[in-house]
Amino acid sequence: MTRFLRAIGHPTSLTRLADYILSNFSEISHCPHGSLFLFEREHHHYRQMHTFGPIKMFTVPSVMAIDHPLVQALIVGQHIFDGLESTLTPQPELSHDIPDTLAKSHTLAVPLITHGTLIAFTVLHSPTAHGTLSPETMELLTAMAQGAANALDSLLIYEDLRQSQALMRRTDRLRSLEIIAGGFAHEIRNPLTSIKTFIQLAPERKDDSQFIGEFSRIVLEDVNRIERLIQEILDYARYMEPQLTDEDLNDIVTSCLYFIQVTADTRGIKIEKQLAPERPRGMLDRQQIKQVLLNLLLNALDAVGKGPGSLRVRTRQFQKPEGTLFMQIDIEDTGQGIAPENLEHIFDPFFTTKHTSTMNAGTGLGLTIAHQIIQEHHGDIHVASTVGQGTTFRITLPALQQ
Ligand SMILES: Nc1ncnc2c1ncn2[C@@H]1O[C@H](COP(=O)(O)OP(=O)(O)OP(=O)(O)O)[C@@H](O)[C@H]1O
Ligand SMILES: [Mg+2]
């Protein structure tokens, strides 16, 4: 019993759980065949979702409506029906729909009930008639059925939750793609207008070398800007499921810092690095996490500006009270900070305060993409900022047990 309860406590899939329940019920009841029927809320019926044993010799309908006599008997009785034929045959109105094969041999039905609701049941069958089960076996089977019902219920709730989370993520993404499409149109309108003006004016001003020189430079910048926008949108749109591999977080952070060290040095910005001695590891998409960290680091450099200033990067590992392991990365800068009214918009697509027509102008997609990637890694990204003092971005990700 303990072994059974322990094994069904952490099921990996519905099929595995059903198989485990049926194999154990079969063993206890000496019935080599078994089927598990699961309630389908949207159809108001029970569908056979798993079978155990050589089923060819044993036929039951694969779908049983809620008013099926067997289902009704289980809902009303809320107990195991052993020797189904003898229990049900005295009531003619219940017996007409019980398959023939059920009536000729030993068959029992075990209800799986949580909170008074029949969420599933198993039908166990033996081709040779053997006497009814002993009271001890019945008791054991009843206790196991309760454990099985609880495990099945938790798994179904978990599946529901997982599906709605996936749906929410998809909706989130669609919504941001919608905003992106609108934002993209808005963003490329200005550079397009300037290119168009240039082309319109060029024929009559072709001998004005100063005009041609100046405008060529502007047009090139505008074209570059459109190109960059397209690239970022493509990166976001062709966003793929992360390719997760076991990665050392400190390693990724160090390689990102290496990229920005030169820029920081030339601007007189000090970089401080404090890495967790436990060397936290996690299932991460290395490229994507690097993309996130680089964007945060570049934002921090932008915020500090010409310096002096500093940037502190910290990693740490911690355990939540329930035992799950997490890792955290803090990127703290002594830059200009973020105005409170902007704080709630910084993750929005195209939100940027770097709106100048230079090569460094931001597209405002950096944090949107960062947020998306962290969400897909089942993590969190938070920001705290004080104008004039600086900003801290904190990323939390699930970590691997060492
Ligand atoms: N560390 C920071 N300090 C101050 N402001 C910041 C910081 N990080 C982000 N911001 C603000 O959030 C805005 C959005 O950042 P985000 O990275 O999404 O876009 P961006 O840096 O403007 O452009 P890009 O798409 O090129 O990264 C920035 O324009 C800036 O105003
Ligand atoms: Mg950025």
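**Sheet, helix pair and magnesium site**

Six strands make an open, antiparallel sheet in the order S3-S2-S1-S6-S5-S4. This is a predicted model: local features need pLDDT of at least 70, side-chain atom pairs count only at pLDDT 80 or more, and totals for chains, interfaces and linings use all residues. Residues are numbered from 1 along each chain as its sequence is written, chains are lettered from A and ligands numbered from 1 in the order written, and side-chain values use heavy atoms, without hydrogens and water.

Reader: How many bridges pair S1 with S2?
Author: S1 covers residues 33-40 and S2 residues 45-52. They form a hairpin with four residues between them, and His44 in the turn has a positive phi of about 55°. Phe39 has Tyr46 as its bridge partner, and Glu40 has His45. The pairing is antiparallel, and the count of bridges is seven.

Reader: Which residue in S3 is the bridge partner of His45?
Author: S2 also pairs with S3, in the antiparallel sense, over three bridges. In S3, the partner of His45 is Ala65.

Reader: At what angle do H9 and H10 pack?
Author: H9 spans residues 249-266 and H10 residues 286-304, with axes 9 Å apart. Axes are lines fitted to C-alpha atoms, for helices over the stretch in contact; angles run from 0 to 180 degrees between N-to-C directions. Contact means heavy atoms within 4.5 Å; among the residues that meet are Phe259 in H9 and Leu297 in H10. The packing angle is about 35°.

Reader: Which residues coordinate the magnesium ion (ligand 2)?
Author: Donors are N, O and S atoms within 2.8 Å of the metal (3.2 Å for Na, K and Ca); water is not among the atoms, so sites may look incomplete. Here two OD1 atoms sit at 2.2 to 2.5 Å. Their residues both lie in H10, four residues apart, about one turn of the helix. They are Asn295 and Asn299.

Reader: Is Asn295 buried or exposed?
Author: Buried means under 20% relative accessible area, exposed over 50%, partly exposed in between (1.4 Å probe, protein chains only). Asn295 has 17% relative accessibility, so Asn295 counts as buried.

Technical notes: Helix = DSSP H or I, 4+ residues; strand = E, 2+ residues; numbered from the N terminus. Pairing = 2+ DSSP bridges.
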